[in-house]
Amino acid sequence: MYRYLRAIGYTGLHSRAEAMNYLSHFVTRDSGRLMNHECGLDMGVMIYLNPEFDQYTMEYFFPYARGDRAMRIHDLAVEERSEGPGYFGVIEDERNLLLLSFLCTNPEMLTAGDYPECSVYLSGFSLSGKILLPAKEPVHEKISKTDNATRNRHFQHSDIDDVHSKDSLIEYINREEELYHLLRERMKTESLYRIIETTLMPYGVECDTYHVLGNILAVDEIINRDTGEIVLKLDLETYGYKFPVYINSRDILGEPLPGRRFKGNVRLQGVVETN
């Protein structure tokens with residue numbers, strides 16, 4: 001996890017030992033079991049401390065950044081981490097056939113279990129990213145997002161034995177087949193990234209890391225108060241989700257502007273509010 005300290009402006013820390021030595025300077029006798037060191041607007045480092053005799057030693061740490069968009073979740077699973085203290089949140093997205101996992105950054109407020117109603121503030125960190133131009137989407141090949149949402153709601157509440165549901169399913173399959181052939185034709189002459197607008201796919205063996213291709217909604221610069229490095233906060237929209245991604249200004253290729261797209265691997269985290 002120490003590698004992601006770079007995303008919030010700590011490029012000089014090249015190993016876990018260096019990171020622990022640096023962060024230990026912020027630990028005091030009054031820090032308690034869980035310490036929050038803030039280094040910029042809504043971002044910082046969360047530090048777990050292990051009490052030993054009359055002092056605390058560092059046990060675990062991770063960078064955090066609070067998202068600013070609440071996402072209402074109707075069924076969230078919270079599971080304990082196997083490699084250290086804390087929890088993972090798991091969202092089962094039936095619409096996109098996706099299990100979305102993220103590190104919970106407010107573990108002191110949670111316990112393992114199921115939460116039928118809660119709000120989640122997602123955010124993410126990236127160590128490397130590229131800026132792409134908007135996807136090319138001709139009018140005659142454009143798929144209406146409103147139509148997709150309506151179709152998804154229809155099938156969630158449809159009865160497979162109903163005649164109208166079967167007719168709708170056949171119509172849906174025919175439309176998907178037509179779309180498949182259109183995409184095959186376009187891929188002969190165009191780059192895949194000019195056709196696909198956004199995507200959110202699991203990446204690697206870490207369950208909370210995803211390959212993200214998202215539309216940039218807004219860009220902000222945040223100064224790390226400890227190092228003076230510039231951190232970029234990119235508000236993204238991808239696959240129906242909206243959340244900020246934080247990346248060091250040294251690690252992004254291209255000029256991020258609203259309307260353009262970001263492509264990179266992102267490690268997700270989130271704040272869970274149960275009330």
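A nonpolar core is a set of buried Ala, Val, Leu, Ile, Met, Phe, Trp, Tyr and Cys residues joined through side-chain atoms within 4.5 Å. Buried means under 20% relative accessible area, exposed means over 50%, and partly exposed lies in between (1.4 Å probe, protein chains only).

Before you click, two notes. The model is predicted, so local features need pLDDT of at least 70 and side-chain atom pairs count only at pLDDT 80 or more, while totals for chains, interfaces and linings use all residues. Residues are numbered from 1 along each chain as its sequence is written, and side-chain values use heavy atoms, with hydrogens and water left out.

**Stop 1: the cores**

Select L76, L100, F102, V120, F262 and V272. These have the most contacts inside the largest nonpolar core, which has 32 residues. Now select Y10, C39, V45 and F61. They are among the 21 residues of another core, which lies apart from that one.

**Stop 2: the salt bridges**

A salt bridge here is a side-chain nitrogen of Lys or Arg within 4 Å of a carboxyl oxygen of Asp or Glu. How many does the structure hold? The count is 7.

Select R6 and D251. Their closest N and O atoms are 2.8 Å apart. R6 sits in the segment before α1 (16–23), D251 in the loop between β13 (241–248) and β14 (252–253), and the two are 245 residues apart. Helices (H or I, at least four residues) and strands (E, at least two) are DSSP runs, numbered from the N terminus. Is D251 buried or exposed? D251 is buried, at 14% relative accessible area. R6 is partly exposed, at 28%.

Next, select E38 and R225. Their salt bridge spans 3.5 Å, N to O. E38 belongs to strand β1 (residues 34–40), and R225 to the loop between β11 (209–223) and β12 (230–238), 187 residues apart. E38 is partly exposed at 40%; R225 is exposed at 54%.

Then select E117 and R72, also a salt bridge, with closest N and O atoms 3.5 Å apart. E117 lies in the loop between β8 (113–115) and β9 (118–132) and R72 in strand β4 (residues 70–73), so the pair ties together parts 45 residues apart in sequence. Both E117, at 38%, and R72, at 43%, are partly exposed.

**Stop 3: the charged patch**

Select D75, E79, E92, E94 and D114. Together they form a patch of negative charge on the surface. Patch residues have over 30% relative accessible area and no salt bridge, with like charges joined within 9 Å. Finish on E92, in strand β6 (residues 87–93). E92 is exposed, at 54%.

Definitions and conventions: Patches are made of residues with over 30% relative accessible area and no salt bridge: like charges are joined within 9 Å, nonpolar side chains (Val, Leu, Ile, Met, Phe, Trp, Tyr) within 5 Å. Accessible areas come from the Shrake-Rupley method with a 1.4 Å probe; for residues, only the protein chains shown count as cover. Lys and Arg count as positive and Asp and Glu as negative; His and the chain ends are not counted. The place of a charge is taken as NZ of Lys, CZ of Arg, CG of Asp or CD of Glu.
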